[in-house]
Amino acid sequence: MNEETLRAAVAAGVMPAEARFAALLRSIVEVARAIFSAKASSIFLLDEETDELVFAAVAGEDEQGLVGVRMPSSKGIAGWVLSSRTPLVLDDITQDPRHARDVAESTGYVPKGMMAVPLLDEERALGVLQVLDRPQRSRFSLQEMELLGLFASQAAVALDLVGSARRARAALEGSGEVVAVARVAAALDRLEDERREDALALLAALERVLS
Amino acid sequence: MLEETRAHQAEGDHAEDDDVLPAWSLPRDAVGGIEISDDWPERVDREWALDGSTGRGVRICILDSGVEPAHPLVGDLAGAIAIEVGEDGETRAVADTEGDLCGHGTACAGIVRSIAPEAEIYSVRVLGAGFTGSGKLLLAGLRWAVEQGYDVINMSLSTTKRTFAELLHEIADTAYFKRTVLVASAHNMPVESYPWRFSSVISVGSHEEEDPLTFYANPNPPVEFFARGVDVDVAWLGGGSIRATGNSFATPAIAAICTLVLSKHPRLTPFQLKSVLYLIASNVGGGRP
């Protein structure tokens, strides 16, 4: 294993990526909900291996139990938004019998209004962010659409970043030395000043012995 | 000439054009043979471009999620095709038996019908092969639609995959030279996407006004025109309608306006048609009352 790979692996090991990823997802849906004063917000992430959309996080409705639910990646409104890379804002969607049935089956909550935007980081499509039941005003505005797009782009960049660390960490599974080094690095990171210096001196000594 | 439909023109004049139009150069004695119709009025305005037109004789393709059959706001389709990936991994066009997988294609078809009631609307569905197949279907669907020689293709969708950009560019240029007008949604997010950025297509963003025939030319491209795209009542699944916002709903308004113009003036090339759109835009001379 070369030094660069080792550095990346150790960096990933230091970063508690799994917990951060879940926290980031939660934060995105909470902020999205707050920005638009909406009743709920949710994220579907694309699982590229199974080609499915996975219900990954929700804020606002008591639907945490649905996290993990899967659906085909090219069906329904979320499927279209992902495939076409195009944001949509829809009102009165309870008029759509198929959508109402599908959503009720998967989430139990049938919104009247929905904003759905693809999570795009450069050329990659990561999933779909939905903002459900924002307050009904007389008219929707293009500024809101712009804000939705900007926020989704920021969310996608953050998700991709933390997602990469998460994948790197997953790649560490099973490769003993690197996992050990990563664990040491993580432990070192948590030490107070004096003990940290001692530990660094010890590591320097170990490095001399090994080289 | 003004009463002639595009379909008639296709049967009649094209062969003649092919005989007289030089391919790569213009010898002196051929100049007389390329005379271009001079039925342009002194001032191109909405009366000349649109008045009395119903879209009759113009074939418009909705490249989207499919269209619900016999939706009251769409009516009869002239044809419905689905692009699918076969077991051999190759794409093919088959009769569409599933209709609309989302509602979006039905919405676009309904917008076209409301503006150009006598247009021949075709659906080409490019959704349904999973996300991973979506770029392949989009390319295959667009290529198939261009081969069919539709007069107008509505594309309320885009791809961010750079590997598809070059192929899409080639297809868009082929369409341009075959007199097929591609009308594509502009992306309102800070990412690069295609094909709307190509100059051989007509790209569309949204304005907030309510009149479906109000549209603006943008002096700062790449987005070329803005049409009604906010709080639009659109046809949706189950025979009903919903209220929708997005550039993807502004796009069929411009596609339908193209259809109206081509129905009255079937000989227009995409270049000429885009010029007419510019001249009759609501912020340009010929579009003002």
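**Exercise 1. How many helices and strands does chain B have?**

Solution. Chain B has seven helices and 11 strands. Helices (H or I, at least four residues) and strands (E, at least two) are DSSP runs, numbered from the N terminus. Before going on, note that this is a predicted model, where local features need pLDDT of at least 70 and side-chain atom pairs count only at pLDDT 80 or more, while totals for chains, interfaces and linings use all residues. Residues are numbered from 1 along each chain as its sequence is written, and chains are lettered from A and ligands numbered from 1 in the order in which they are written.

**Exercise 2. Find the open sheet of nine strands in chain B and name its edges.**

Solution. Start with the order, which is E3-E2-E4-E1-E5-E6-E7-E9-E8, with mixed pairing. Two strands pair if DSSP finds at least two bridges between them. Next, look at the ends: E3 (91-95) and E8 (216-217) of chain B each have a single partner strand, so one side of each is left without a neighbour in the sheet. Now step inside, where E1(B) (residues 59-64) and E5(B) (residues 152-155) pair in the parallel sense over four bridges. Leu63(B) has Met155(B) in E5(B) as its bridge partner.

**Exercise 3. Follow helix H3(B) from the sheet to helix H6(B).**

Solution. First, H3(B) (residues 104-115) lies across E1, E4 (120-125) and E5 of chain B, running at about 155 degrees to E1(B). Axes are lines fitted to C-alpha atoms, for helices over the stretch in contact, and angles run from 0 to 180 degrees between N-to-C directions. Then turn to H6(B) (residues 247-264): the axes of H3(B) and H6(B) come within 8 Å and cross at roughly 35 degrees. The crossing of H3(B) and H6(B) is right-handed; a crossing is left-handed if the near helix is turned anticlockwise from the far one by less than a right angle, and right-handed if clockwise. Among the residues that meet are Ile111(B) in H3(B) and Phe249(B) in H6(B). Contact requires that the C-beta atoms of two residues, placed from the backbone, lie within 7 Å. By class, this contact has 12 nonpolar, three polar and no charged residues. Here Ala, Val, Leu, Ile, Met, Phe, Trp, Tyr, Cys and Pro count as nonpolar, Asp, Glu, Lys and Arg as charged, and the others, Gly among them, as polar.

**Exercise 4. Work out what chain A gives to its contact with chain B.**

Solution. Begin with the totals: 40 residues come from chain A and 40 residues from chain B. On the side of chain A, the elements that give two or more residues are H3 (76-84), E4 (88-91), H4 (97-106) and H5 (142-172). H3(A) provides the largest share, seven residues. Sorted by class, this side of chain A has 17 nonpolar, 12 polar and 11 charged residues.

**Exercise 5. Which sheet has strands from chain A and chain B?**

Solution. An open sheet of eight strands runs E3(A)-E2(A)-E1(A)-E6(A)-E5(A)-E4(A)-E11(B)-E10(B), and its pairing is antiparallel. Its edges are E3 (70-72) of chain A and E10 (232-235) of chain B, each with a single partner strand, so one side of each is left without a neighbour in the sheet. Finally, examine the joint between the chains, where three bridges join E4(A) to E11(B) (residues 241-245) in an antiparallel run. There, Val89(A) stands opposite Thr245(B).
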